Amino acid sequence: MLLRLVPEFELRRDVVPWLAARGWAAALDTSENSPALYVVNVERNGKIIYTWKGSQRNTHIGLYDLQTKQNEHLYTFEKDLHIISCSVNNERTLLAVSFHQYTEDEPASQLLQSVSKYLTLLIEIHPINNVRVLKAVDSRIRVQFLYPVEDRNASTESRLLLVSEDKYIEQFDIRVVAEEHKVVIQKSGQLPRAKVADDLVWAQWDMMEQRLFYIVPKESKSTLRCVQFYPDENFNAILESHLDISVNDTQLKLVNFGYDCCQDQDVASKSLNLQVFTSKAGGLCVCCSLASDTPDEIMYSIYFLHKGEDARIDTLQNCSIRSPLVSTVLDCKAGSLYAVNISDSTLLQLLQRSKQDSERLAALHCALLYFQHTEDLEMQIIQWISENLSTCHSFDPIQEFIIASLYCRLCPETQNLDKLLPYTSLLDWIGVVPGVICATDIISLPVLEFQNPKGFWEKLNSNLESVKYSEPHLHYHNNVLRREWRNLSEEREERRTTAYLRNIFENAKKVLSHLDTWDSEARLVPLFEEEDYQQQLLMGLMVAQLKDHLMRHLQYVGKKKIDQIVLDYVANLLNLIHRIMKEVWRRYQLHSCVFCFDERGSAAEFAVFHIMSRILEAANGMCMPLPPGFHTLHLGLGVRCLPLHTLLHYIDIGVLQLTETCVRKLLKDLDDTEQNEKLKFSIVMRLPEALGQKVRQFWNHPINANLIARKYVKLLLENLGNRQCTRSIPERFSVPVEFLPLNYLTSMLTEIENQGVHPYEKQDHVNARFVEEMALKHTMTLLGLKYS
């Protein structure tokens, strides 16, 4: 099971022994699903109300406290009654009970026709004293006391909701007074009451937040409304939204108003199967079960306040399962209350064993969102990613891991940030993830009416306002970033000193200084803190563009806070990539020696090289920067693991990038065997000009010297332009050369040098004399002669 159910309460375990010890369980059938003992309600403070039949067929009501693990007897009826609904106030001084008046030995035909079928009572229980009739009607009534905030002192006033099967809801105000160590209802005639809702067909009670959601049918559409109850004020109708749901000719369906074992099963099959879900971040959606033409399948429509989705799922919800408290499930038939949490081990098994991309994607996001920074779970997810890089066809698991992790790390810190940062790499889910069917419809925004909104309502209102006045696509994406990065990367060197670029690189420096301090295992992965113009350019650009994006929509947050958010985002991105590499490095037991070129790579190194290639592919796909030294390490593994033709192919297509650190080490460390000469020459020929000037000097070899000389001549002649040599031919060099073309070339090069055209100013050993000597050596080599 993906959900881990821990039994917080069980009738057979927590109640039956207590009843037996007091002689009240003699006539009880202690088997499961016994109608003689069942739960009728769970209150906000976790107290569970249950009822049982005694040996004299009396009807008892008891209370179990989840915190103290103690039972308490509340009231006894001297008749065999069917309890429909029951609630106790926060101070446990008042009990509201609704029940069927007829007993098994008193059929309705034998009673006067004027007697009502159902009775609702208000009972003083500390001590048992007065009883008031609230309703005597022919329709069922559900009762529910309102609960104040948990830390409030005992109140002299209680409020009670009555929900009628005739589709209306009332609130009763009950004042109590203390008299001689007892609490009694104040004698003031009829209790004040007010109509809360009318003509409803569905209602849901949010016990924890003291909210009432209900639906009123209106012609072709229905209206969802919400009433908020306050601890020290009256109730307010606070929400109204239209739903495209047909609910005509349905029975009243009640959610979280206790449990009526004789009616709820029957009503469930004939009424609207719908439930409202809210989140602390100010999100609200309605999940409605619709009829399906496919056997054993059910269609749910999920209505958000600003968009709608349709999704198919495989299982039906058991109507006897309720969730009265946060993260709890009440199995009304079995009489058990379970604390619910997600099983991390089962979630990982689902991730590892699933064959469908839709299940893998859901499990991955669920694990990252629910468990967030659990390092052990994160390690196991990375292991799964490294083993399934080629099995996910609809999404890139590395991209999803990075994007979702960033979303989960940063969004809880700032309101509305979740609508501005990407949560997935998938831009369009329709047809991308098999098994998920989505349809979006634009609906009119709901009406919210409140004064001084707090908590959930304040966040919900902010969410709606941001949707109303914002761009069609709020989430940050990389299209502009990619284009700007490409344009700046192709600019000439002399244009890189503009104020704009200086600001970009200053952003990159802030990111690098903002990175987490390398821990004791950091050197496990031999990343080098080296200059990487391209990656620093991308870092700085991402900072600048993400900052602009957030400033447009989060003006109220402030520039300083946005700067911090952006630096955290980019730094966490780099740290996540390093985290992946560290786990992979540890798993394959690699060491820093992998950056030596004196031997071929192992199978483990090749596996790591493949994973690094996929990390690079994922980063390029999302236009994300990489940690300093990534390309150097990647190239080093490539040199060790790949045959020469594959290595060169990877370099030519851009999978491997030639870095100064790696090429310089390769030229210095490898000896000049025939195979190594071929490798070095192939690498040197592919170096960009600026990088080539820096690293060729580290290879002391005739081939390299000849190449340097050729490039020197080429650059001198290109820089010469239309200049003319006006000076006479200088004196002969110390080496006697009778080959007139070479004499003329060296004389011309010397003249150009004297005019100040020096392409290799930082390498004094490159000059006309060097070119002449290399030409002679090359000629003698071609002729098979010795040069002295």
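The legends below describe several close-up views of a predicted model.

Residues are numbered from 1 along each chain as its sequence is written, and side-chain values use heavy atoms, with hydrogens and water left out. Because this is a predicted model, local features need pLDDT of at least 70 and side-chain atom pairs count only at pLDDT 80 or more, whereas totals for chains, interfaces and linings use all residues.

View 1. Gln399 belongs to helix H6, which spans residues 397-410; helices (H or I, at least four residues) and strands (E, at least two) are DSSP runs, numbered from the N terminus. Gln399 counts as buried because its relative accessibility is 11%, where buried means under 20% relative accessible area, exposed over 50%, and partly exposed in between (1.4 Å probe, protein chains only). Its side chain makes a polar contact of 3.5 Å with the side chain of Ser425; such a contact is a pair of N or O atoms within 3.5 Å, and within protein one must be able to donate a hydrogen and the other to accept it, while residues adjacent in sequence count only if both atoms are side-chain atoms. With neighbours within four places in sequence left aside, Gln399 is in contact (heavy atoms within 4.5 Å) with Ser425, Glu617, Ala618, Gly621 and Met622.

View 2. Gln415 is placed in the loop between H6 and strand S27 (447-448), and its relative accessibility of 33% is why Gln415 counts as partly exposed. Apart from neighbours within four places in sequence, Gln415 is in contact with Glu458, Lys459, Ser462, Leu554 and Tyr556. Gln415 and Gly282 are 133 residues apart in sequence, with a C-alpha to C-alpha separation of 9.4 Å in space.

**View 3. Arg579 and Glu583 within helix H11.** The side chains of Arg579 and Glu583 form a salt bridge with an N to O distance of 2.1 Å, the term being used for a side-chain nitrogen of Lys or Arg within 4 Å of a carboxyl oxygen of Asp or Glu. Both residues lie in helix H11 (residues 559-587), where they are 4 residues apart, about one turn of the helix. An α-helix has 3.6 residues a turn, so residues three or four places apart point the same way. Arg579 is buried because its relative accessibility is 10%, and Glu583 is buried because its value is 8%. The pair is part of a network of salt bridges that links Glu378, Arg409, Arg579, Glu583 and Arg586; by the rule applied here, the count comes to 29 salt bridges.

View 4. The side chains of Arg640 and Glu605 meet in a salt bridge of 2.7 Å, N to O. This pair links distant parts of the chain, with Arg640 in helix H13 (residues 630-641) and Glu605 in helix H12 (residues 603-622), 35 residues apart; both Arg640 and Glu605 are buried. In the salt bridge between Glu209 and Arg211, the closest N and O atoms are 4.0 Å apart. Glu209 counts as partly exposed because its relative accessibility is 43%, whereas Arg211 counts as buried because its relative accessible area is 3%.

View 5. Beyond neighbours within four places in sequence, Ile381 is in contact with Leu348, Leu351, Leu364, Ala367, Leu368 and Phe401. In helix H3 (residues 344-353), the buried residues are Thr346, Leu347, Leu348 and Leu351, and what covers them includes strand S26 (336-342), helix H4 (357-371) and helix H5 (375-387).

View 6. Lys167, a residue other than glycine, has a positive phi near 75° and is placed in the loop between strand S11 (157-164) and strand S12 (168-179). Its relative accessible area is 28%, so Lys167 counts as partly exposed. Asp199, likewise not a glycine, has a positive phi of about 60° and is placed in the loop between strand S14 (193-198) and strand S15 (202-206). With a relative accessible area of 54%, Asp199 is exposed.
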